[in-house]
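Dear colleague,

I am handing over the structure we spoke about, and I would be glad if you looked through it with the notes below beside you.

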Amino acid sequence: MDPLADAMRTMAVQQPAAAAPAAQAPPAAAAPAAPAAPASGPYELSFLDKQLKFESEADAEVVAAALAAHPEVTSFVLRGNTLGIGAGERIAQALEKCPNLKDCNWSDLFTGRLRSEIPIIVKRLCGAMRTAGVQLRSLDLSDNAFGPIGAESIQDFLESESAFSLEELRLNNCGLGAGAVTVANSLLTLHQKARAAGRKLNLRVIVAGRNRLEIPGALAFARAIGEIGTLEELTVHQNGIHRPGVIGLAEGVARNPRMARLSIADNVGGWEGAEAFAQALQNLRELESADFSDCLSKDRGCRALVQAAVRLPKLKVLNLSGSELTAGVAEQLVTAWSQGRNDTLVTAWSQGRNDTATLNISTNNLSDQFGRIRDLAESLGGRVDVGESDDDCGSLSGDEAEDGAVDEDVNDVGLLATSRTDTSDGERNSGGDDDEDEDEEEKEYYDFDDEEEDEDDYSDEDEDDDYDQEEEEAIAEAKGRPAVSSLASLQASQPMQQLLQAAQHITVAGFCAAPTAAGLRALAAAGSERLKKMIEPFAGARDQTESARLFLSVIVAASGAEPVTMQAVEVLDTLLITVSRHLRRPIPTVVQMMNHVVAHSDMSINREENLVDPSAISRTILETAVLQLTQRGRLTEASNMIGHYFPSTLAAAAAPGAAAAPPARQTFAFNFSAVNTAATTVIPKFSFVLRIAPTFG
């Protein structure tokens, strides 16, 4: 079969029907035929999944010939083939003569190609479209692992007049990393240029899942979509986005009232992120589907989302699977969703009630109550999907069950504990099959092609050698823009440009020398992987004073008036994960570090080291952080010692939902009546404590 004939076909298009006359008159005599003109309807040139290898210009001649034969082509599909530099150049030359092009599907186009080749080809193809003066409607570059540097290859096009008409941008599974900031800022520039030219950007769809956006990329997209305000679909699943990024996205999404399809799945939003999106849902009256699965929304977050979603008149699906939802709250939600009779969730369910939507609460923690809740859901109409019993995750551990409970009490800082399963590097979000080994998980995350390992996929060596440099370059060149709304949950008064620049240049030594709230935000925004690399040189030291210095410096930075407690807990969580990897016996490294921390929290002790100024430490912030970290399971080995020195902390941890009272001064004083017991059990060889203990006998 002729590949050219097979590739070219005319798309059937429904033309608007004109008003037909009541009776059809006989046709008039035909006018002399004019020279044949190209058909006015859309044409699609498709090589979809032909698995052809276009290496040289000669190989691509069949594609170029098809473009030349039909310069009126409106849709160009190359998905499922592989394109080299020579072939890309030849196709680009032909594209320069196709001004009517509207839709490009160039996904999965570089199988077996080097990452260094891909940006060259993409940039040349995008340049050809600019030369032709196209007004592109959709661009799909998904499943092309061009990484952060590849974002630069589409930057010029995304900021050009040819993209003023862009409605759909699909960049799923491209490994953008820090390049996401480049893409988001380009979209913002496009919006501003279109407005200056008297045009309106009508961007409807952004798909950017599996791109390792993390917090900086999420906030950059939040800022862009908040200003553009026309989105109908946003997909950012599996991106390692932690709470501040999810909260920022919620603020941006709230300014897009036409949003119909939303997926935040497989990120680490926690109940805080869920509550932020519950607030945003109040503005999304057009929403049809919302996916918050595997976001660790917990009981509290699920409750908030259901309370907001039940009022949405067009909603068809709300997915809360994998949220660590427990049986008690699940029963409330099933009843409320199906019947609208639970006053603890909302007082007026009948107003704006949606009776056709489906709630998915499968793969949660219903344990031995699964059958009862499934029967309840079926008896109430079957609009709640509980899933299969084999997929239920059983009961949560004590620490996990406490986090996000629906009890209304919170501590003084308003921050409930976070599950110990919520790791600082988003293991739940990686998409890998092995959650036990972090290195293996990271490798799985970068294997973008599940069926075959291509040269354009990231390997561990690619990431170690290339990713950091590309990420640093991309962040250093990122363009700062005004923040969407306030984004106060992360930035407070710190502009995004400053935050990204600070995250790029922050060091642990520099932060400890001058611990400030701005520096703490920069540490949190740097991302857990970079932070781990900064901590690693001293994490395994026999003397844990440097680890303790960082811990205490974070507390000092969070002790001011600015609300950065969440960032403090996230940075300390990463610190403890990194330190705990270094196993030392008989005294674990975490225990060594915490001995220094508790010693320096008491101003009455004559210290051998001056790690920080103890008068700058807020006792409330310190106890709050220790409570959060204890409930995450990060201080398990040191819990006996903390029980002596921080009694109110462990008392709060033992009472789910109980607020931690503002600690009295003596809370942080050493309990030296018990230190002998601690010295002979938990810390038998910790010489620092043994030396100072007799002084206070």
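A residue is called buried here when its relative accessible area is under 20%. Please keep in mind throughout that this is a predicted model.

With that cut-off, helix α8, which spans residues 243–253, is mostly covered, since 10 of its 11 residues count as buried. The buried positions in α8 are R243, P244, G245, V246, I247, G248, L249, A250, G252 and V253. Among the elements that cover these buried residues are the helices α7 (214–228) and α9 (270–281), the strands β10 (233–235) and β11 (261–263), and also α21.

The crossing in which α18 passes α21 is left-handed. On the α18 side the contact is made by L520, R521, L523 and A524, and on the α21 side by Q567, A568 and V571. Sorted by type, the residues of this contact comprise 5 nonpolar, 1 polar and 1 charged.

Helix α18 also packs with helix α20 (residues 545–558), here at an angle of about 120° and with the axes 8 Å apart. This pair, too, is therefore oblique, and α18 passes α20 in a left-handed crossing. The residues that meet are A517, L520 and L523 from α18 and L550, V554, A557 and A558 from α20. The contact of α18 with α20 consists of 7 nonpolar residues, with no polar and no charged ones. If you compare the two lists, you will find L520 and L523 of α18 in the contact with α21 and again in the contact with α20.

As for the protein as a whole, its secondary structure comes to 27 helices and 15 strands, and buried residues make up 59% of its 697 residues. Of the contacts between residues at least 6 apart in sequence, 82% join residues that are at least 24 apart. The accessible surface comes to about 27600 Å², and carbon and sulfur atoms account for 49% of that area.

With best wishes

Definitions and conventions: Residues are numbered from 1 along each chain as its sequence is written. This is a predicted model: local features need pLDDT of at least 70, side-chain atom pairs count only at pLDDT 80 or more; totals for chains, interfaces and linings use all residues. Side-chain values use heavy atoms; hydrogens and water are left out. A crossing is left-handed if the near helix is turned anticlockwise from the far one by less than a right angle, and right-handed if clockwise. Helices (H or I, at least four residues) and strands (E, at least two) are DSSP runs, numbered from the N terminus. Contact means heavy atoms within 4.5 Å. Ala, Val, Leu, Ile, Met, Phe, Trp, Tyr, Cys and Pro count as nonpolar, Asp, Glu, Lys and Arg as charged, and the others, Gly among them, as polar. Buried means under 20% relative accessible area, exposed over 50%, partly exposed in between (1.4 Å probe, protein chains only). Accessible areas come from the Shrake-Rupley method with a 1.4 Å probe; for residues, only the protein chains shown count as cover. Axes are lines fitted to C-alpha atoms, for helices over the stretch in contact, and angles run from 0 to 180 degrees between N-to-C directions. Angles under 35 degrees count as roughly parallel, over 145 as roughly antiparallel, 65 to 115 as roughly perpendicular and the rest as oblique.
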